[in-house]
Amino acid sequence: MKFAMIMGSPKKRGSMSAHLIKEMTKAIGKTGEVLVFNAAKPERFDEVLSCESVVFVFPLYFDSLPSHVVSYLEQLDEFIKEHPPDKKPSVYAVCNLGFYEGYQTKWALGRIQCWAEAVNFPWKAGIGIGAGPMITHMPPEALKRTNNGKKQFLELLLSDATGDNIYTEPDIPKEMFMKIGNDSWIPQLEANGLTVDDVMHPKLRP
């Protein structure tokens, strides 16, 4: 079975989306072939459509998709109209976000589902991973729900099955999650000569 992973993060290094693709590629192992494509470089559509499954992996931007992912979907749509594939690949989506609740990806996953239905490809399932970038720094005991969700999603992907969207969040209180976040971004803000008030109450330029 051949899987097309569409990398939707604009980051060149250190993105959570790239990390998740590596995890899935490792888990798929020798049971399938994984081809990785970059949504910022909309090309090789024929190779994408030669796969049995297409997995969009992207960060949540303002409760939606990064703009270059939208552009990628539009261009792939046009290619499909001109070159309809003999076999329609299954569509999956993986969305991570910096907020605690994975459920906040509901609308972004829904947009990928709408695209799949518009091009008449079978929509299978999505997963929204809360606290995305932070989970690489958390101990295993704080990631039971996250890892269970990723395992369920992988089982759907490997069996080409349809399921409900999965939403995960870490096994720590939200208050603790916010404190860890504040302890990280506030020093970064101050190192760049700004204060919390500058961000929370920005002054209008004259």
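Glu-78 has a relative accessible area of 42% and is partly exposed (buried is under 20%, exposed over 50%, partly exposed in between, with a 1.4 Å probe and protein chains only). Its partner in a salt bridge is Lys-81, with the closest N and O atoms 3.6 Å apart (a salt bridge is a side-chain nitrogen of Lys or Arg within 4 Å of a carboxyl oxygen of Asp or Glu). Lys-81 counts as exposed, at 57% relative accessibility.

## Basis of the model

This is a predicted model, in which local features need pLDDT of at least 70 and side-chain atom pairs count only at pLDDT 80 or more, while totals for chains, interfaces and linings use all residues. Residues are numbered from 1 along each chain as its sequence is written, and side-chain values use heavy atoms, with hydrogens and water left out.

## Other salt bridges

The structure holds seven salt bridges. One of them joins Glu-101 and Lys-174 at 2.7 Å, N to O. This pair links distant parts of the chain, 73 residues apart: Glu-101 is in the loop between strand E4 (90-96) and helix H4 (106-118), and Lys-174 is in helix H6 (residues 174-191). Glu-101 is partly exposed at 25%, as is Lys-174 at 36%.

Helix H6 also holds Asp-183 and Lys-179, four residues apart. Their salt bridge has its closest N and O atoms 2.9 Å apart.

Technical notes
Helices (H or I, at least four residues) and strands (E, at least two) are DSSP runs, numbered from the N terminus.
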